[in-house]
Amino acid sequence: MARIDLDLAHSYQPDPRQDADYALLPLKMSFADGGAYALLGPSGCGKTTMLNIMSGLLAPSRGTVRFDGKDVAQLSPQQRNIAQVFQFPVIYDTMTVADNLAFPLRNRKMPEDQIRKRVGEIAEMLELSGQLGRRAADLTADAKQKISLGRGLVRPDVSAVLFDEPLTVIDPHLKWQLRRKLKQIHHELKLTLIYVTHDQVEALTFAEQVIVMTRGKAVQVGSADALFERPQHTFVGHFIGSPGMNFLPARARGRALDVAGRTLALPPGLALPEGELKLGIRPEYVALTAAEDPAALPVTVAQALDIGTHVLVTGQCGELKIKARLNPELEAPRCGDTAWLRVIGPHTCFYQNEELIP
Amino acid sequence: MSTTKPVNQKAWWLVLPVVICVAFSAVLPLMTVVNYSLQDIISPERRVFVGTEWFVAAMRDEELHGALWRQLTFSLAVLAVEIPLGIMLALSMPAKGWKASAVLVVVSLSLLIPWNVVGTIWQIYGRADIGLLGAMLQKMGFDYSYTGNATHAWITVLTMDVWHWTPLVALLCYAGLRSIPDAYYQAASIDGASRFAVFRYIQLPKMRGVLMIAVLLRFMDSFMIYTEPFVLTGGGPGNATTFLSEYLTQKAVGQFDVGPAAAFSLIYFLIILLLCFILYNWMQRVGTASKEGAGHE
């Protein structure tokens, strides 16, 4: 129940000199009270570091962590009153399921009748009611992770609940169920939830705001829609979407754009800085078009995969590869054909130094 | 429909080497003891079958009862001191870095010393005239003497065993502690657990396996203790530190009462077996079955 503001940098080395020495480059970020956030990025991008700094398991090398304006950077997790769920289930072997769920409350000296009530509610939500009296050590990995989740959610007054890839060990079908459960719990309990994952589907379905991270840097914060339509950084374009965005090296010359030896016309009203840049377009927005279209490139079709909902076409244009998701009801080009693919349209983005040109 | 498995009795031959090895290493020596325990051997040519007479005699032997009680008290004292001390030592040892290696070496030193040397070290160490410990205690006004005072002798033997074997318990616990993943400590810290709760609900349960080994090893070893008290006190003063092995040796080798000694060593063997069985089963249940009741409060 708190707004969290980060303004910090962290390095695991005592004397960081260059960017590569930092696990987290200097960043500023805010998490609103009651929001559902996801930290998305590949392994080693700093997302777990950021989570541990928020929970207090790690003190940042410099900067502040503010909960409702109060700097807590040097406080322990107990003092911050925060909950965290880890990648692998952590349960107290000798306790029953009920005692496991009650543990964080007992440590904070909550009255026993309130504890019983709260544990009952959480067990109900996670469908653990039938197993409350059982020894936690005897349960399956799925159930153990549910207990871990339950211990994270059981305290009603926490500043935030942090999840560190909590569904990694869970079966796919149950994973889906639990993800919906978490969303539902978010609605019911109005807790601030911050969820770390490297799975874009997980992040995009769970969170209202997704923070995409790479190499110790948060490159974009936004809704699923914004990440898809207007990636702020080429990394986001690559990382989000399946397959990721097409990026084509280009050179702007006034109203014209040179791409792969062809000069394309820019739509009216779009002004680009002169010089080297990158054209980015999602495979979903690449379309077949008539020959010699001024917004299209000719490609030799290298591969055409019918995936049912769409046909995934990979076209070769000189050195460049362009991927397109085409409607299966239209006739798809065959391997070896020459096709014209339109790459400039309302959804095309342009990048200079990997950053989106606004 | 059931298919009958082919039965090949020749497979028994494959077990034969093991049977022979075990026969020579365990069964035959044991049978010699059984043989002695049932006969009165008067001379190499004359022997009389006496049935359970020696067993009955051993069971009624007052001195033996004394030795058995001393032994039980001693073994329990050993466990009561060495197990908690070993755990505490393991908890305070550094987890990594060069300090961890250095501490491990220092802690294991006493384990490398042969039993009789340990006895000799303590014999000299505790001497009232020249021993570092004995002379110092004398100077401080304690009339310490492990040769004259039964209580002092008993405490000295116990201290010697603690000094010699606590490191074993500590090393086992240390190994157990190092195998606990960091996430458990992190979760406990998030859950607001106190230092004691971390010990009680994470470290102790995770050390259960190694502690069981430590308890059994220390129990069996201390129950059979012989060399160190033999060197240090020779069982004295009086019979204050005459434990079971010592008493048995006196009977078998000293007085050459082979029959009663054999009968008694069989009883001795069964006592150890029984106590280990009880200890093992009790410890198996602690922490697994015991909490079942608490769940239905």
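Colleague: How many bridges join strand β1 (residues 4–10) of chain A to β2(A), and in which sense do the two strands pair?

Modeller: In this predicted model, β1 and β2 of chain A pair in the antiparallel sense, over six bridges. Within that pairing, A:L6 stands opposite A:M29, a residue of β2(A).

Colleague: Where do these strands sit in the order of the open sheet of chain A?

Modeller: The sheet has four strands, paired antiparallel, and its order is β2-β1-β4-β5. Because β2 (24–31) and β5 (70–71) of chain A each have a single partner strand, they stand at the edges, and one side of each is left without a neighbour in the sheet. Helix α1 (residues 47–55) of chain A packs on this sheet, where it touches β1, β2 and β4 (62–67), and its direction makes about 60° with that of β2(A).

Colleague: Turning to the two chains, how much area do chain B and chain A bury between them?

Modeller: Buried area is what two parts lose on being put together, summed over both; here it comes to about 2000 Å², with 57% of it on carbon and sulfur atoms. On the side of chain B, the residues that lose the most area to chain A are B:I190, B:D191 and B:Y201, which together account for 32% of what that side buries.

Colleague: How many salt bridges does the rule find across this interface?

Modeller: A salt bridge requires a side-chain nitrogen of Lys or Arg within 4 Å of a carboxyl oxygen of Asp or Glu, and the rule finds two between chain B and chain A. A:R151 forms a salt bridge with B:D191, their closest N and O atoms being 2.7 Å apart.

Technical notes. Residues numbered from 1 in each chain as written. Chains lettered and ligands numbered in written order. Predicted model: local features only at pLDDT ≥ 70, side-chain atom pairs only at ≥ 80, totals over all residues. Heavy atoms only, no water. Buried area = accessible area lost by both parts, 1.4 Å probe. Pairing = 2+ DSSP bridges. Contact = heavy atoms within 4.5 Å. Axes fitted to C-alpha atoms, helices over the stretch in contact; angles between N-to-C directions.
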